[in-house]
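Work through these exercises with the structure open beside you. Try each task before reading its solution.

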Amino acid sequence: MADSSVTITHDGTGKSVQLPTREGTAGTPVIDIGSLNKSFGHFTLDPGFVATASCESKITYLDGSAGLLQYRGYPIEQLAEQCDYLEVCYLLLNGELPNGDQKSEFDHIIRTHTMIHESLRGFFDGFHYDAHPMAMMTGVIGSLSAFYHDSLDINDPGQRMITAQRIIAKLPTIAAAAYKHSVGQPFMYPRNDLSYTGNLLHMMYAVPAADYEVDPIAEKALDVLFTLHADHEQNASTSTVRLAGSSGTNPFGAIAAGTACLWGPAHGGANEAVLRMLDEIGDVSRIDKYIAKAKDKNDSFRLMGFGHRVYKNFDPRARIIKKIAHEVLATYGNDPRMELAMKLEEIALVDEYFVERSLYPNVDFYSGIIYRALGIPLEMLTVMFAIGRSVGWISHWQEMVSGKMRIGRPRQLYTGEVQRDVPAIKKR
Ligand code: CMC
């Protein structure tokens, strides 16, 4: 539906083209440039998608200047307070919150899809003991496609839903297996009587030789963190899932691609990078030095956990996470990194460089401190993010595949050599 239009005119040729604009239900309107090349003979150039919408979506809305995040119209603050993670998964996948019966049925489905094929479990033995868990996650998630042939028809809505449920249910099992492999402990099978996060804690920390009781504070904290990480519209990893999936590849392959993207320090890998940075800073007295490094354009150092492409105001997730961090630390004992992080935030928020560029703490700034307080090792922090985000990835894949899907194929501005003849080897 064209709401209005814009006309652009080429200064050189005087040629004009009228392009329709479209309004969503909220947010910045877009100019539909689909016909631009045909009628005008130009592509658009937007490295990093700074001003380009890659798709239409009904899943998540965020307003970066207002610091607002909504899943299917519900504010993140209300969802974090009133719903558990599996309700949020249901919401993202289906568009509505579940009623009591739907919630019980969905919980049951997820709890009974937690096991992974025994042969798949054997894959972990092929990894060296010091393999990064994100490397294992990427490989093993992609390998799911070799085991679940019964749900690979992307045109069948029933099979798509089973795949979504398998992704949500099995990622904690794969994550825990990666952890157990890295510490050399036996794999713990999932327990269907436990909650989603209770089961994850059990698979990570229980050992066959002793009883293990799930700590309800850790269980709840993880649940809220997963809700906060569940979706974030067209972020890099979700866009990767969409682009990979747009070729019609199987969903497990597409989610593996998203997992690989998430690993980078500019994205989900930032939570691990924040803790490494705090450890490197080490003391409040050294903050000024690191702030100066972050501002120095000749230094590649960036203040990790700070800044966001879309949020130019406080990241609403960071606000909730900071509160949970205080609650968790009150139970598990203080972490000197919390004090350091708060001081760093305080200094950065009044520093002209950060103020001018609207750089605020993002979701990753405090999340790592909570995970560490819960005993989750540094290398597993991005894995935790991946578990929470898995529902967002599969919901976006599902939305794309069930709509009018077209392969994603960006254009380029070619700046290389123009045609030339290959010289004989002795003349090169
Ligand atoms: N420390 C110092 N300077 C920064 C930072 C930072 N963390 N972030 C942005 N800047 C500066 C940047 O140098 C640039 O300055 P100038 O205009 O003088 O060239 C300006 O702010 C704009 O930055 P940008 O790189 O153009 O912004 P972007 O939208 O391309 O990048 C970002 C966004 C999140 C990748 C970036 O802010 C960053 O690298 N942050 C640190 C890594 C991080 O915390 N990532 C997690 C993001 S939130 C969760 C997630 O997506 O997974």
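**Exercise 1. The second largest pocket**

Which helices each supply at least two residues of the lining of the second largest pocket?

Solution. 
Step 1. Start with the kind of model: it is a predicted one.
Step 2. Find the helices. They are α2 (76-82), α9 (216-229) and α14 (316-332).
Step 3. Look at the share of each. α14 gives the largest share of the lining, 6 residues.
Step 4. The pocket has 13 lining residues, and E81, V224, K323, I324 and E327 are the closest to its centre.
Step 5. Sort the lining by class. It has 7 nonpolar, 1 polar and 5 charged residues.

**Exercise 2. Two cavities**

How many cavities of 30 Å³ or more does a search of the whole structure find? Describe each one.

Solution. 
Step 1. The search finds 2.
Step 2. Take the largest cavity. Its space is about 60 Å³.
Step 3. List its lining: I110, R111, T114, A169, P172, R191, N192, L194, S195, Y196 and N199.
Step 4. Sort by class. The lining of the largest cavity has 5 nonpolar, 4 polar and 2 charged residues.
Step 5. Move to the second largest cavity. Its volume is about 40 Å³.
Step 6. Its lining is made by G307, H308, Y311, N313, F314, D315, S358, Y360, P361 and N362.
Step 7. Sort again. This lining has 4 nonpolar, 5 polar and 1 charged residues.

**Exercise 3. Helices α6 and α7**

At what angle do the axes of helix α6 and helix α7 cross? Then name the residues of the contact.

Solution. 
Step 1. Know what to look for. A pair of packed helices is described by the angle between the axes and the distance between them.
Step 2. Locate the pair. α6 spans residues 133-143, and α7 spans residues 157-183.
Step 3. Read the geometry. The axes come within 9 Å and cross at roughly 135 degrees.
Step 4. Name the arrangement. With that angle, α6 is oblique to α7.
Step 5. The crossing of α6 past α7 is right-handed.
Step 6. Find the contact. α6 brings P133, M136, M137, V140 and I141, while α7 brings L171, I174, A175, A178 and H181.
Step 7. Sort the contact. It holds 9 nonpolar residues, 1 polar and no charged.

**Exercise 4. Helices α17 and α18**

Are α17 and α18 roughly perpendicular or roughly parallel to each other?

Solution. 
Step 1. Locate the pair. α17 covers residues 364-373 and α18 covers residues 381-402.
Step 2. Take the values. The helices pack at about 110 degrees, and their axes are 10 Å apart.
Step 3. Apply the cut-off. Angles of 65 to 115 degrees count as roughly perpendicular.
Step 4. Conclude. α17 and α18 are therefore roughly perpendicular.
Step 5. Find the contact. D364, G368 and Y371 of α17 meet L381, M384 and F385 of α18.
Step 6. Sort the contact. There are 4 nonpolar residues, 1 polar and 1 charged.

**Exercise 5. Helices α13 and α15**

Which residues make the contact of α13 with α15? Begin with the geometry.

Solution. 
Step 1. Locate the pair. α13 runs over residues 287-295 and α15 over residues 336-350.
Step 2. Their axes come within 11 Å and cross at roughly 50 degrees.
Step 3. That angle makes α13 oblique to α15.
Step 4. α13 passes α15 in a right-handed crossing.
Step 5. The contact joins I287, D288 and I291 of α13 to L340, K343, L344, I347 and A348 of α15.
Step 6. By class, this contact has 6 nonpolar, no polar and 2 charged residues.

Technical notes. Residues numbered from 1 in each chain as written. Predicted model: local features only at pLDDT ≥ 70, side-chain atom pairs only at ≥ 80, totals over all residues. Heavy atoms only, no water. Axes fitted to C-alpha atoms, helices over the stretch in contact; angles between N-to-C directions. Helix = DSSP H or I, 4+ residues; strand = E, 2+ residues; numbered from the N terminus. Parallel < 35°, antiparallel > 145°, perpendicular 65-115°, else oblique. Left-handed = near helix turned anticlockwise from the far one by under 90°. Contact = heavy atoms within 4.5 Å. Nonpolar A, V, L, I, M, F, W, Y, C, P; charged D, E, K, R; others polar. 1 Å grid on protein atoms, 1.4 Å probe; cavity = no way out; pocket = protein on both sides within 12 Å on 5 of 7 lines; lining within 4 Å. Points joined across faces, edges and corners; volume = space filled by probe spheres on them.
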